[in-house]
Amino acid sequence: MHSEYQHLIDLSDYPVSWWKKVVELGEEIRNDPSKFAHECDGKVMATLFYEPSTRTQMSFQTAMIRLGGKIIGFDNPANSSVSKGETIKDTTKIVSNYADVLVMRHPIAGASKAASLTADCPVINAGDGGHLHPTQTLTDLLTLKIEKKTLSGLTVGMCGDLINGRTVHSLCKALSMFSNNKFIFISTPELRMPAYIKDIIKANGSTFEEVNTLEEAIGSLDVLYMTRIQQERFASKEEYLAQKNTYVLDRKKMQLAKPDMIVMHPLPRVDEITVDVDDDKRAMYFTQAKYGVFVRMALILTILREKKSSETLKGKVYSGVRCSNPRCITNHEEYLPKSFLSSGDETLLECEYCDERKLI
Ligand code: CP
């Protein structure tokens, strides 16, 4: 299935050279933003945020404004016709006729992909449930490029809610494409990194190990990527409370880290980094959020300049087969083609919207 517009749903849809180009443009914009102040004069960006956001929403909005463009959209679907039962298809079909680019955040995996099937302008995934967050990854890559001067040969610790953390899923997929990166996953057994991400890391030739405590890993890390335990993704409050406060980075643990390790976090934080870490020069999370504006300016510019078409669905619909993930968009919007990719073995299918695997 083809769309005549260029979307960013998953960074894996593009070659590494494309991401590098976006990150390099982000660095160029950071060095001289005024040069780009009128690049999007007359353009409109729509932000459709079905889920709360501070950084992603506002950094996209300021990015478009700083490029000379204008913004429309909603940040509370209850104030839009979504509250009357309008589907993603209808909402995005309409809004994409009001805007030149559409930025969408949604609590259900695969929602942005669903939007890209029918939108009449490019769609950018600003986070789809616990699945992916590609523009956070571009932000993270720009942060690493500026602060570590490389995207290769890094030992990266990821800590916290790795099963639900769309930011770490996207970042693992991206960093494993660069040479000699090693991952250390720090989580409880219940919150481990999903198997499909570990398979991608292995297939890309990177390595990983899994540990239970921050203390075991912190001394060997170049980068520590902390994440929030995401209450909103747990089936019950009891399951969340059992995980809450498991990992807290504080000044004492920072003493075990290398002098040039950097601490990243997509934010918001709850209590996983104590405020006394903020003054440590290795704490990079506020700077990271600032870099997000430059890389999103670069992304908007790239997508509006390139004007390429995209292949939106590459797989097949199998009679009677549907995704087993209750938090997949295909189980919420019935009209969507239930498309699966096969890895050669037709008994193991992968949902094209949320990456859930299914044996048939
Ligand atoms: N990092 C991030 O996605 O933050 P928001 O949820 O505030 O957008």
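**Cavity between the domains**

I started with the second largest cavity: domain 1 (2-132 + 291-311) and domain 2 (134-289) both give residues to its lining, so it lies between them. The domain bounds come from an automatic or database domain assignment. This is a predicted model, in which local features need pLDDT of at least 70 and side-chain atom pairs pLDDT 80 or more, while totals for chains, interfaces and linings use all residues. Residues are numbered from 1 along each chain as its sequence is written, and side-chain values use heavy atoms, without hydrogens and water.

I noted the cavity rule: on a 1 Å grid over the protein atoms alone, a cavity is a set of points where a 1.4 Å probe fits but cannot get out, and lining residues have an atom within 4 Å of a point. Volume is the space filled by probe spheres set on the points, which are joined across faces, edges and corners.

The second largest cavity holds about 50 Å³. I listed its lining as Arg55, Ser59, Gln136, Thr139, His265, Pro266, Tyr285, Gln288, Ala289 and Arg296. Helices H2 (55-66), H5 (134-147) and H11 (285-306) each supply at least two lining residues. H11 gives the most, with 4 residues. Helices here are DSSP runs (H or I, at least four residues), and strands are E runs of at least two, numbered from the N terminus. By class I got 3 nonpolar, 5 polar and 2 charged residues.

**Largest cavity**

How many cavities of 30 Å³ or more are there? I found 2. The largest has about 60 Å³ of space. Its lining includes Arg228, Ile229, Tyr240 and Lys244. The lining divides into 4 nonpolar, 2 polar and 4 charged residues.

**Glutamine 230**

I found glutamine 230 in the loop between strand S9 (223-226) and helix H9 (237-243). Is glutamine 230 buried or exposed? Glutamine 230 is buried, at 10% relative accessible area; buried means under 20%, exposed over 50%, partly exposed in between (1.4 Å probe, protein chains only). A polar atom of its side chain lies 3.1 Å from the backbone oxygen of asparagine 164.

**Lysine 253**

Lysine 253 sits in helix H10 (residues 251-254). I logged lysine 253 as buried, at 16% relative accessibility. A polar atom of its side chain lies 2.5 Å from the backbone oxygen of valine 248. Beyond neighbours within four places in sequence, lysine 253 is in contact (heavy atoms within 4.5 Å) with Leu214, Glu215, Ile218 and Val248.

Definitions and conventions: A polar contact is a pair of N or O atoms within 3.5 Å; within protein, one must be able to donate a hydrogen and the other to accept it, and residues adjacent in sequence count only if both atoms are side-chain atoms. On a 1 Å grid over the protein atoms alone, a cavity is a set of points where a 1.4 Å probe fits but cannot get out, and a pocket is an open set with protein on both sides within 12 Å along at least five of seven lines; lining residues have an atom within 4 Å of a point. Ala, Val, Leu, Ile, Met, Phe, Trp, Tyr, Cys and Pro count as nonpolar, Asp, Glu, Lys and Arg as charged, and the others, Gly among them, as polar.
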